[in-house]
Amino acid sequence: MKVRVLFFAALAHDIGKRDSTLDLSDNATVKDALSTLSREYPAVGRYQSRLATAVNLEYVGPEHPLCDNDELAVIPPVSGG
């Protein structure tokens, strides 16, 4: 299945792009997607324990199942004033 991934904030800066497409096996979860992303983009691995994730505009946890054509947002911690 194909999943569109959106990168935000410092993560997008570190990776050098704002989106990507993943080819994942059926029954993949957000955790599986993050693992795949970590291999392709080491910056994801550096943030992984602190990432927020959303699928199709709803925040989800790592065990959330993914479906073909889902949109996965990967959001690093953000600070501001």
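The following paragraphs lead through a predicted model, from its sheet to its core and then to a few single residues.

Because the model is predicted, local features need pLDDT of at least 70 and side-chain atom pairs count only at pLDDT 80 or more, while totals for chains, interfaces and linings use all residues. Residues are numbered from 1 along each chain as its sequence is written, and side-chain values use heavy atoms, with hydrogens and water left out.

Five strands form an open sheet in the order E2-E1-E5-E3-E4, with mixed pairing; helices (H or I, at least four residues) and strands (E, at least two) are DSSP runs, numbered from the N terminus, and two strands pair if DSSP finds at least two bridges between them. In general, strands of a sheet pair through backbone hydrogen bonds, either parallel or antiparallel. Strand E2 (19-23) and strand E4 (58-60) stand at the edges, and because each has a single partner strand, one side of each is left without a neighbour in the sheet. From one strand to the next the twist averages 30 degrees, where axes are lines fitted to C-alpha atoms, for helices over the stretch in contact, and angles run from 0 to 180 degrees between N-to-C directions.

The pairings can be followed one by one. E1 and E2 run antiparallel and are joined by five bridges, and in E2 the bridge partner of Leu6 is Asp19. E1 and E5, by contrast, run parallel and are joined by four bridges, with Leu6 standing opposite Ala73 in E5. Strand E3 (residues 52-55) pairs with E5 in the antiparallel sense over four bridges, and the bridge partner of Val55 in E5 is Leu72.

Helix H2 is the next element to find. H2 lies across E1, E2, E3, E4 and E5, and runs at about 65 degrees to E5. Its buried residues are Val30, Ala33, Leu34, Leu37 and Ser38, where buried means under 20% relative accessible area, exposed over 50%, and partly exposed in between (1.4 Å probe, protein chains only). Seen down the axis of H2, these buried residues fall within an arc of 140 degrees, so they line one face of the helix; the arc is that of the directions from the helix axis to the C-beta atoms. The buried residues of H2 pack against E1, E2, H3, E3, E4 and E5.

This leads to the interior. In soluble globular proteins, nonpolar side chains tend to be buried together. Here the largest nonpolar core has 24 residues, and those with the most contacts inside it are Phe7, Leu11, Leu37, Val44 and Val74; such a core is a set of buried Ala, Val, Leu, Ile, Met, Phe, Trp, Tyr and Cys residues joined through side-chain atoms within 4.5 Å. Two or more residues of this core come from each of strand E1 (2-7), helix H1 (9-15), helix H2 (30-40), helix H3 (42-47) and strand E5 (71-75), and H2 gives the most, with four residues. Leaving aside its neighbours within four places in sequence, Leu37 is in contact (heavy atoms within 4.5 Å) with Val5, Phe7, Leu22, Val44 and Val74.

Ser20, at 11% relative accessibility, counts as buried, and a polar contact of 3.4 Å joins its side chain to that of Tyr41. A polar contact is a pair of N or O atoms within 3.5 Å; within protein, one must be able to donate a hydrogen and the other to accept it, and residues adjacent in sequence count only if both atoms are side-chain atoms.

The loops and the end of the chain complete the tour. Most residues other than glycine have a negative phi. In the loop between E3 and E4, however, Asn56 has a positive phi near 50 degrees, and Leu57 has a positive phi near 75 degrees. Asn56 counts as partly exposed at 40% relative accessibility, whereas Leu57 is exposed, with a relative accessible area of 80%. Pro77 lies in the segment after E5 and, at 41% relative accessibility, counts as partly exposed; leaving aside its neighbours within four places in sequence, Pro77 is in contact with Tyr47 and Arg50.
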